[in-house]
Every structure is written in C-alpha cells, then in structure tokens.
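Biologist: Hi, I have a structure open and I'd like to walk through it. Can you help me read it?
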Amino acid sequence: MPTSHSHTVNPEITYCNVDVDVYSSEALEPLTKALGEKIFLNYSGREKRMYSAHFTLGSFTKSQRPDLAIRSLAKLIAALPPKPRRLWDKAKRKAFNVGFQSGIEPHYREYEISPAATRAVAALGASIIVTIYETDKPYPR
C-alpha cells in the first residue's frame, strides 16, 4: 500500500526576481554578449519561429527589490553599444517580467515600482509583466 508524504507549504509571499524577455526575428547573441557578465543568461536561441533571450541581473541578491532590479537592468540596456542596441530596438517583444512566489502569509504584501522605473522601461519600448507562481501545496507522493 502506498504511503502519503506531505510537501511543506511555502508560508510567505516573496519577490523572486526580474527577468528580461526579448523576442526577435534575428538572433540575439550579440545583445546578450554585449551585456556580458553583468547579466545571468537563462536562455538565448530559437523559440518556435522566433529568437529569444531571457536574462536577469548577474549580481542578483534575494534582498533586492523589484524596482531596483528594473532600474539596474534598464540602465544596462540603455547603455548598450549601437549594434546590440539596434537589435534591442528592432525586437518584436521586450518585457521586464517581475516574478513573485505566492504564499499564505501575510494577508498581502506590496512592492512599489517607481515612476523612474516605469519611465526607464517605457523609454526602452518594453512592457512590465507580473508573474505570480503558485504556492507549494501539500500533495501525496
């Protein structure tokens, strides 16, 4: 007879990170290479009929707030040399994806995205996406 084991529930709502997601009809390696070690590259390559790159700050720390991460990433992208910057500008979709892990406490948690951060993203022709990941639930094994 199988036994049941519980997985612990993540009790707290937490900020995870900010990923930048870029989709283009052109390969994005020159863009990610220009950003170098300032980013942590999650993926760069073909994704269906497009090319995509997904990255976050290379110096990410858990205590960092999403506003600071957005502004730091936007500053790196705004400072790109001309050729990689043209790749960014021509990309079909550019998004700063702010990730949160849901939890059961506290009742709510607020994270402010400043006007400076939203202006920086808008100046890059990008959007802001909020992703909320499901909390861990007990499940039978």
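Biologist: Let's start with glutamate 47. Which residues is it in contact with, leaving aside neighbours within four places in sequence?

Modeller: Glutamate 47 is in contact with Tyr23, Ser52 and His54. Keep in mind that this is a predicted model.

Biologist: Which of its side-chain contacts are polar, and at what distance?

Modeller: The glutamate 47 side chain makes a polar contact with the side chain of serine 52 at 2.4 Å. Another polar contact, of 3.0 Å, links the side chains of glutamate 47 and histidine 54.

Biologist: And tyrosine 23? How far apart are the C-alpha atoms?

Modeller: The C-alpha atoms of glutamate 47 and tyrosine 23 are separated by 8.6 Å. Along the chain, the two are 24 residues apart.

Biologist: Is glutamate 47 buried, partly exposed or exposed?

Modeller: Partly exposed, because its relative accessibility is 30%. Buried would need under 20%, and exposed over 50%.

Biologist: Where does glutamate 47 lie?

Modeller: Glutamate 47 lies in strand S2. S2 and S3 form a hairpin, with two residues between them. Lysine 48 sits in that turn and has a positive phi of about 60°.

Biologist: Do S2 and S3 pair parallel or antiparallel?

Modeller: Antiparallel, over eight bridges. Take tyrosine 43: its bridge partner in S3 is histidine 54. Serine 44 stands opposite alanine 53 in S3.

Biologist: What else does alanine 53 partner?

Modeller: Alanine 53 is also the bridge partner of valine 22. S1 and S3 run antiparallel and are joined by five bridges.

Biologist: How enclosed is S3?

Modeller: S3 is largely enclosed by the rest of the structure, because six of its eight residues are buried.

Biologist: Zoom out. What is the strand order in the sheet?

Modeller: The order is S2-S3-S1-S4-S5. This is an open sheet of five strands with mixed pairing.

Biologist: Which strands stand at the edges?

Modeller: S2 and S5 do. Each has a single partner strand, so one side of each is left without a neighbour in the sheet. From one strand to the next, the twist averages 20°.

Biologist: What holds paired strands together in general?

Modeller: Strands of a sheet pair through backbone hydrogen bonds, either parallel or antiparallel.

Biologist: Which residue of S5 does glutamine 101 stand opposite?

Modeller: Tyrosine 133. Glutamine 101 itself lies in strand S4. The side chain of glutamine 101 also reaches the backbone oxygen of glutamate 134, at 2.6 Å.

Biologist: Is glutamine 101 buried or exposed?

Modeller: Buried, because its relative accessibility is 16%.

Biologist: New topic: helix H3. Which of its residues are buried?

Modeller: In H3, residues 82-90, the buried ones are Pro84, Leu87 and Trp88. They cover an arc of only 100° around the axis, so they are on the same side of H3.

Biologist: What do those buried residues pack against?

Modeller: They pack against strand S1, helices H1 and H2, and S4.

Biologist: And which exposed residues are on the face turned away?

Modeller: Pro82, Lys83 and Lys90 are the exposed residues carried by that face of H3.

Methods
Residues numbered from 1 in each chain as written. Predicted model: local features only at pLDDT ≥ 70, side-chain atom pairs only at ≥ 80, totals over all residues. Heavy atoms only, no water. Pairing = 2+ DSSP bridges. Helix = DSSP H or I, 4+ residues; strand = E, 2+ residues; numbered from the N terminus. Buried < 20%, exposed > 50% of the residue type's maximum accessible area, 1.4 Å probe, protein only. Arc of directions from axis to C-beta. Contact = heavy atoms within 4.5 Å. Polar contact = N/O pair within 3.5 Å; in protein donor to acceptor, adjacent residues only side chain to side chain. Axes fitted to C-alpha atoms, helices over the stretch in contact; angles between N-to-C directions.
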